[in-house]
Amino acid sequence: MASPRPAPGSGDLPLDREPSRIEAMFGDIASRYDLMNRLMTAGLDGRWRRMAASEARLSPGGEALDVCCGTGDLAFSLVEACPACAVTGLDFTPAMLARAREKAAARARRGDPVPHAFLEADLLDLPFDDGRFAAVTVGWGVRNVPDVPRAFAEMARVTRPGGRVVCLESTLPSTSWSRRFHALWQGCVVPTLGRLVSGDRSAYSYLPASVAAFPGADELAAVMSRAGLVRVRYRRLGLDAVALHVGEAPA
Ligand SMILES: C[S@@+](CC[C@H](N)C(=O)[O-])C[C@H]1O[C@@H](n2cnc3c(N)ncnc32)[C@H](O)[C@@H]1O
């Protein structure tokens, strides 16, 4: 069942990450995506996003970009961490962006801080000048792109010198007991929940296969370093199955 591992940093990933298929898959599950996230992570995903937002080390007046923003939750964590920052969310799936904008409008009515904009664009071809952002974040996004090195090269390119790239992503656990637990959770529980909640088992069967095919945490750190980021480090969260990577654009 496990997919063959890609050569580290090769960008040659074995799963079908053809952009139109990825977009169609997220388009289909957009309306139930948030509920599935809560269920799949036992409600911990919000806490992990807050940790990622705090690692962005934003200060008032700074600009941040959240790529693969989906329904906007990491972009919302960024503005909560720094209400006086201009945060842009970016994604290429219109249905996910529509949910993000609806949620932003509801938050604005409550008087909560909201991102500056949600923009439709491709992470692999970011429509921004070099060195624009104090921080660029991505949550559960890079696993879906066909060229991971290029994704990090683009994120590094638009980060200003000394700014941070922060990546929150599912990863293969490092211990055998944790691998067994997560194989059961992601291989059986998650696809069943996916079928019951979203009516789409295939999108949630993709999760364990895409994690197995994705670079491990050490390999991902090496990909980030090769993209030109420095002081790359990571810590594991969520019983070992989530990694929070941080790298800095050279000053
Ligand atoms: C698993 S969701 C993550 C959403 C959000 N970051 C979160 O924390 O829940 C992955 C998102 O990445 C987007 N995505 C995948 N490849 C992309 C690309 N090349 N450019 C822009 N967005 C992309 C998908 O449309 C989807 O909304």
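At what angle do the axes of helix α3 and α4 cross, and within what distance do they come? Hi everyone, let me start there, with the reminder that this is a predicted model.

Helix α3 covers residues 45–55, and its axis comes within 9 Å of the axis of α4, crossing at roughly 55 degrees. If you want to click through the residues, α3 brings Arg49, Arg50, Ala52, Ala53 and Ser54 to the contact, while α4 brings Asp73, Leu74, Ser77, Leu78 and Ala81. Sorted by class, that contact of α3 with α4 holds five nonpolar, two polar and three charged residues.

Helix α2, residues 33–40, packs with helix α7, residues 176–198, at an angle of about 145 degrees, and the axes lie 10 Å apart. Here too we have a right-handed crossing, with α2 passing α7. On the α2 side, the contact is made by Leu35, Met36, Leu39 and Met40. From α7 come Val190, Leu193, Gly194, Val197 and Ser198. What is the class make-up of the contact of α2 with α7? There are seven nonpolar residues and two polar ones, with no charged residue.

On to the ligand, where α4 turns up again. Which helices each supply at least two residues of the shell around the ligand? They are α1, residues 19–29, and α4, residues 73–81. The helix that gives the most to the shell is α1, with four residues. There are 22 residues around the ligand, and the ones that come nearest are Cys68, Gly70, Thr93, Leu123 and Gly139. By class, the shell has 12 nonpolar, six polar and four charged residues.

Let me zoom out to the whole chain. It has nine helices and seven strands. Along the principal axes, the C-alpha atoms fill a box of roughly 45 × 40 × 30 Å. Why can we say that the chain agrees with a compact globule? Because a compact globule of 251 residues would have a radius of gyration near 18 Å, and this chain has 17 Å.

Technical notes: Residues are numbered from 1 along each chain as its sequence is written. This is a predicted model: local features need pLDDT of at least 70, side-chain atom pairs count only at pLDDT 80 or more; totals for chains, interfaces and linings use all residues. A residue is near a molecule or strand if its C-beta atom, placed from the backbone, lies within 6 Å of it. Ala, Val, Leu, Ile, Met, Phe, Trp, Tyr, Cys and Pro count as nonpolar, Asp, Glu, Lys and Arg as charged, and the others, Gly among them, as polar. Axes are lines fitted to C-alpha atoms, for helices over the stretch in contact, and angles run from 0 to 180 degrees between N-to-C directions. Two residues are in contact if their C-beta atoms, placed from the backbone, lie within 7 Å. The radius of gyration is taken over C-alpha atoms; the globule rule is 2.2 Å times the number of residues to the power 0.38. A crossing is left-handed if the near helix is turned anticlockwise from the far one by less than a right angle, and right-handed if clockwise.
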